Amino acid sequence: MAIRNIRKIGDDVLRKNCRNVDVIDDRIKTLVADMFETVEKHDGAGLAAPQIGVLKRIAVINLDGFKQEIINPEIILKSGEVSDVEGCLSVPGKWGMVTRPEKVVVSYQNLNGETFEVTAEGMLCKCLCHEIDHLDGVLYVDKVTEYIDPEDLK
Ligand code: CO
């Protein structure tokens, strides 16, 4: 396993559309292991493959209760609206308010190629929406309504 370099805002790779994963081989397994190691090292809630320069539809979620790779994730249902503060490992030192669905149902595959659906609210919902946006070249800064002074978060 290895910690990968995180691409920062301004890098074109963050603005590309990612490709679906058709075959989950050893390279994908290594990639996912590296993504977990990298997100844990930075104490992030999630990380998407383009953030380490790989244009594949893969993200990892690193939350208590949902530590999970999501391969080919899709939001299949969303409802409500809620605004909450977000940050991103690719946009260091900044936080801002973003309006997202209050609740989503997301389908995804795990490393065994099994398909699951997760119903999410709160932090997990926010995180899933944020990471799936990365796979379409969208950053939270595209949706931010107001930046937050880090001092106000303490
Ligand atoms: Co991000």
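Okay, a word on the model: it is predicted, so local features need pLDDT of at least 70 and side-chain atom pairs count only at pLDDT 80 or more, while totals for chains, interfaces and linings use all residues. Residues are numbered from 1 along each chain as its sequence is written, and side-chain values use heavy atoms, with hydrogens and water left out.

Let's go to the cobalt ion. Its protein donors are Cys88 (SG), His130 (NE2) and His134 (NE2), 2.1 to 2.3 Å away. Donors here are N, O and S atoms within 2.8 Å of the metal (3.2 Å for Na, K and Ca), and with no water among the atoms, sites may look incomplete. Along the sequence, the spacing reads C-x41-H-x3-H. Cys88 sits in strand β4 (residues 82–88) and His134 in helix α2 (residues 122–135), 46 residues apart, so that pair links distant parts of the chain. Helices (H or I, at least four residues) and strands (E, at least two) are DSSP runs, numbered from the N terminus. Cys88 and His134 are both buried, meaning under 20% relative accessible area, with exposed over 50% and partly exposed in between (1.4 Å probe, protein chains only).

Now, out to a loop. Asp64 lies between β2 (58–63) and β3 (66–79). Why does Asp64 count as exposed? Because its relative accessibility is 78%. From Asp64 to Thr38, 26 residues apart along the chain, the C-alpha separation is 16 Å.
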